[in-house]
Amino acid sequence: MKRCFFVFFMCLFLTGCGNAVREYSAVDTAMGTVVTQRIYTEHEDVTEDITVLLLDLEREELSRRKVGSVIGRINAAAGSGEIVVLPHKLQQELIFLQEFSQKSEGAFDSSLGGLCKLWDIDTWATKTDSPGGSAQDSMPNSSKDSTQDSIQEGPAVSGFVLPTPTEIQAALEHCGYEKISLTKEGISIPEGMVLDLGAAGKGIACDRIHAFLQEQDVEAAVISIGGSVLVYGDKPDNTVWQVAVTDPFHQETYIGTLYLKGTHFVATSGDYERYVEMDGVRYHHILDPFTGYPADSGVVSVTIVSDSGMLSDALSTACFVMGADEGMKLAEEYDAEALFVLKDGSLLMSEGMEQIYREYR
Ligand code: AMP
Ligand code: MG
């Protein structure tokens, strides 16, 4: 496991009752992406515990590439009739995602692993932005598949071969969330199906970290896992959190900033995060479960703010597939705020988003 871990603690604030609130920061890699942490606490530094939590979550539960993970075991048992027993939290999360797939009318589908393999998304290059950023609490990094084993950098893959329509149809035969059998006993999937939680894993990780921060009595924190960001509590200096929204057309900069008070979960899905280009066409990593091809809904990025990491992450992917009009309706149903960047560069945002978003000039 690639790890380049460093931690440093910065300044001290003295609270009224005399307890020092310290600020700790860390940059690490986990879940195939850059993880940045800033934590404010009176207690011990927990940044390393959070990194361990993420690595364990990936290895033991979410990664489809780890044979011993729960998802790996479900995939290995596909078609055998074996019912794999789920840890309680993961069971709740998968139940939520199944309902979400239904609500999104299939735009979000956790069973697209075979299709992702056919497109060979794992081998596509991703851009690794440097984390952190000037006045911002969080500069969104390019988001990668949350269950990726190692970060890959560099130019798009040479020798990319476009799957044929026949291959795509054959892969689609093995997809379909409604074919997953999920009961209180456990889960089983049909032969040939491959579960892939890449579209919700980083959000699930943010939820797990949120629970951990509460348990550890941490005062405030900002944690960024690729395109998913958790801002937690109130900053000790009482300023608001600032989360930058990447410019999908120029990823080295950002189009605007979200100003957030208290705890929120932000997720972005964009066509610039992982892709290959061939003959002037960009093939990106967010697939349309109906066509089997990269989604082409007129959207280039979607940013969601909600009170759940998993919901924000799942919504950003579903909204990308559904397009701005249908996606906005779905976000509204879940009381989430949405910001769509369209192909022509125009923005569409929910009313609540207008209150928290400021364009960068
Ligand atoms: P995200 O960056 O959160 O939008 O998630 C994209 C990742 O989720 C891809 O790399 C795939 O692993 C997986 N994926 C792609 N398309 C879909 C989809 N329509 N529904 C669910 N997962 C998807
Ligand atoms: Mg997502």
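Visitor: At what angle do helix α1 (residues 47-62) and α6 pack, and how far apart are their axes?
Guide: In this predicted model, α1 and α6 pack at an angle of about 135°, with axes 10 Å apart; the axes are lines fitted to C-alpha atoms, for helices over the stretch in contact, and angles run from 0 to 180 degrees between N-to-C directions. Helices (H or I, at least four residues) and strands (E, at least two) are DSSP runs numbered from the N terminus. Local features need pLDDT of at least 70, side-chain atom pairs count only at pLDDT 80 or more, totals for chains, interfaces and linings use all residues, and side-chain values use heavy atoms, with hydrogens and water left out. Residues are numbered from 1 along each chain as its sequence is written, while chains are lettered from A and ligands numbered from 1 in the order in which they are written.

Visitor: What makes α1 oblique to α6?
Guide: Angles under 35 degrees count as roughly parallel, over 145 as roughly antiparallel, 65 to 115 as roughly perpendicular and the rest as oblique; an angle of about 135° falls in the rest, and therefore α1 is oblique to α6.

Visitor: Which residues make the contact of α1 with α6?
Guide: Those of α1 include Leu53, Leu54 and Leu57, and those of α6 include Ile204, Ile209 and Phe212, where contact means heavy atoms within 4.5 Å. The residues of this contact divide into 10 nonpolar, 1 polar and 3 charged, counting Ala, Val, Leu, Ile, Met, Phe, Trp, Tyr, Cys and Pro as nonpolar, Asp, Glu, Lys and Arg as charged, and the others, Gly among them, as polar.

Visitor: Why are α3 and α7 called roughly parallel to each other?
Guide: The axes of helix α3 (residues 88-103) and α7 cross at roughly 30° and come within 11 Å, and this angle is therefore in the class of roughly parallel. Glu93, Phe96, Leu97 and Phe100 in α3 meet Met310, Leu311, Ala314, Leu315 and Ala318 in α7, a contact with 8 nonpolar, no polar and 1 charged residues.

Visitor: At what angle do the axes of α6 and α7 cross?
Guide: They cross at roughly 165° and come within 7 Å, which means that α6 is roughly antiparallel to α7. Gly201, Lys202, Gly203, Ile204, Cys206 and Asp207 of α6 make the contact with Gly309, Met310 and Asp313 of α7, and by class these are 3 nonpolar, 3 polar and 3 charged residues. Asp207 and Gly309 are 102 residues apart in sequence, yet 5.3 Å apart in space, C-alpha to C-alpha.

Visitor: What coordinates the magnesium ion (ligand 2)?
Guide: Its donors are Ala199 (O), Asp313 (O), Asp313 (OD) and Thr317 (OG1), at 2.1 to 2.4 Å; donors are N, O and S atoms within 2.8 Å of the metal (3.2 Å for Na, K and Ca), and water is not among the atoms, so sites may look incomplete. The donor residues are spaced A-x113-D-x3-T in sequence. Ala199, in the loop between β5 (187-188) and α6 (201-215), and Thr317, in helix α7 (residues 309-322), are 118 residues apart, a pair that links distant parts of the chain.

Visitor: How do you know whether Ala199 is buried or partly exposed?
Guide: Buried means under 20% relative accessible area, exposed over 50%, and partly exposed in between (1.4 Å probe, protein chains only). Ala199 has a relative accessible area of 22% and is therefore partly exposed, whereas Thr317, at 13%, is buried.
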